[in-house]
Amino acid sequence: MKTALWLFTITAILTTHALAQSPVKDHGLLRIEGATIVDRNGDDISLAGNSLFWSQWDQSGFWNEDCLKWLVKDWGTSVVRIPMGIENKGGYLDQPGENESKVRAMVDAGIRLGIYVIIDWHSHHAEDSTEQAVDFFARMAKDYGHHDHVIYEIYNEPKDSQWPDIKIYAEKVIAVIRKNDPDNLIIVGSGEWSQRVDDPAESPITKWPNIAYTLHFYSKMHHQWLRDRAEAAMEKGIALFVTEWGPVGTADRDTETEKWMAWCRTHNISHCAWAVNDKDEPWSIVRKGANPGGGWSIDALTPAGRLEKAIISSWGEDTSIDGEQSDAPKP
Ligand code: MG
């Protein structure tokens, strides 16, 4: 009995300590210097974490605080992306109140856990709902803009849109965010599922500070050509954030993912893996029937889940470009 109590006390102290050393406590508000995302001290920072699945299609209920807590504790996740579906049935345009409540609950959970949270307007045609996006992000910025944790991703993946139109949409949304929140990071998508980062590199948004651009990749189809394009964009001066990526998903090792991760490491690029879900597709991190509240054994993870856990849980051990071990505790 005494031993049990002792173990309980030790566990409680360690848990409290782990949360006290949260990524946001350590690094504070992120901002952009040149083409690099840096922390409050001006040090380069690269976060590693997960993306949840579409808000309206989270059938098994992974949008909950226990699940996020598990990812933080067991995987070392330092950033979570919260993708609010917009266009499809059950999405924000269809059921705004329900979707917004879900987003707020997960943002609040992320803040309590001390990690970075990305509020993602998960749309392929966001210009068609500019008015709703402006209204939504104005409220988000007002309510959450004082939290260092919060990052706004205002357009997930433009599909058929060209950069000039995307830019017009983005500037309208950014203007209302900046009215209420002068500083938190804002991430903007680009054409062809956020692969045309060369377009904003030619014509970036310059009216406000701390604007980054999302780069999405899936290792099965996106290879060196996309890394080359992204590198050229950074050389022109824009900062990138991989808010969504996925491995081939059929094996524990994936050489193209290894190349991508080495590349992210070299350029100090943050990334979120798609997706916390049990749907029967290669990118889901857990198998059908896994507890939506976490506590997953290795057998509950899919090949993608095992590979991503290995990447994310070791990411904080080496956060600098030259490979020097960081003094800071692992996020
Ligand atoms: Mg702020």
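Me: What makes the eight strands a barrel, and in what order do they close?
Reply: In this predicted model, eight strands close into a barrel with parallel pairing, in the order β3-β4-β5-β6-β7-β8-β9-β10. From one strand to the next the twist averages 30°.

Me: How do you know that β3 and β10 pair?
Reply: Two strands count as paired if at least two bridges are found between them. Strand β3 (residues 48-52) and strand β10 (residues 271-276) have five bridges in the parallel sense, so they meet the rule. Ser51 stands opposite Trp274 of β10.

Me: And what makes β4 and β5 a pair?
Reply: The rule of at least two bridges applies here too. Seven bridges join β4 to β5, and the two run parallel. Val80 has Val117 in β5 as its bridge partner.

Me: Why is β5 called mostly covered?
Reply: Buried means under 20% relative accessible area, and seven of the seven residues of β5 are buried. On one side these are Tyr116, Ile118, Asp120 and His122; on the other they are Val117, Ile119 and Trp121. Both faces of β5 are therefore covered. In a regular strand the side chains alternate between the two faces of the sheet.

Me: Which helices lie across the strands, and at what angles do they run?
Reply: Helix α4 (residues 96-113) lies across β3, β4 (79-85), β5 (116-122) and β6, and runs at about 175° to β4. Helix α10 (residues 255-267) lies across β8 (211-218), β9 (240-246) and β10, at about 165° to β8. Angles are taken between N-to-C directions and run from 0 to 180 degrees.

Me: What makes Gly145, Asp181, Asp183 and Asn184 donors of the magnesium ion?
Reply: A donor is an N, O or S atom within 2.8 Å of the metal. Gly145 (O), Asp181 (OD), Asp183 (OD) and Asn184 (OD1) lie 2.1 to 2.3 Å from the magnesium ion, so they qualify. Their spacing in sequence is G-x35-D-x1-D-N. Gly145 lies in the loop between α5 (130-144) and β6 (150-153), and Asp183 in the loop between α6 (163-180) and β7 (186-188), so the pair ties together parts that are 38 residues apart in sequence.

Me: Are Gly145 and Asp183 buried or partly exposed, and why?
Reply: Gly145 has a relative accessible area of 10%, and because buried means under 20%, Gly145 is buried.

Me: Which residues of α3 are buried, and what do they pack against?
Reply: In helix α3 (residues 65-75), the buried residues are Cys67, Leu68, Trp70, Leu71, Val72 and Trp75. The buried residues of α3 pack against β3, β4, α4, β10 and α11 (303-315).

Me: What makes Asn64 a cap of α3?
Reply: A side-chain oxygen of Asn64 lies 3.0 Å from the backbone nitrogen of Asp66, at the N-terminal end of α3. A polar contact needs N or O atoms within 3.5 Å. After α3 comes Gly76, with a positive phi near 75°.

Conventions. Residues numbered from 1 in each chain as written. Predicted model: local features only at pLDDT ≥ 70, side-chain atom pairs only at ≥ 80, totals over all residues. Heavy atoms only, no water. Donors = N, O, S within 2.8 Å, 3.2 Å for Na, K, Ca; no water. Helix = DSSP H or I, 4+ residues; strand = E, 2+ residues; numbered from the N terminus. Buried < 20%, exposed > 50% of the residue type's maximum accessible area, 1.4 Å probe, protein only. Contact = heavy atoms within 4.5 Å. Polar contact = N/O pair within 3.5 Å; in protein donor to acceptor, adjacent residues only side chain to side chain.
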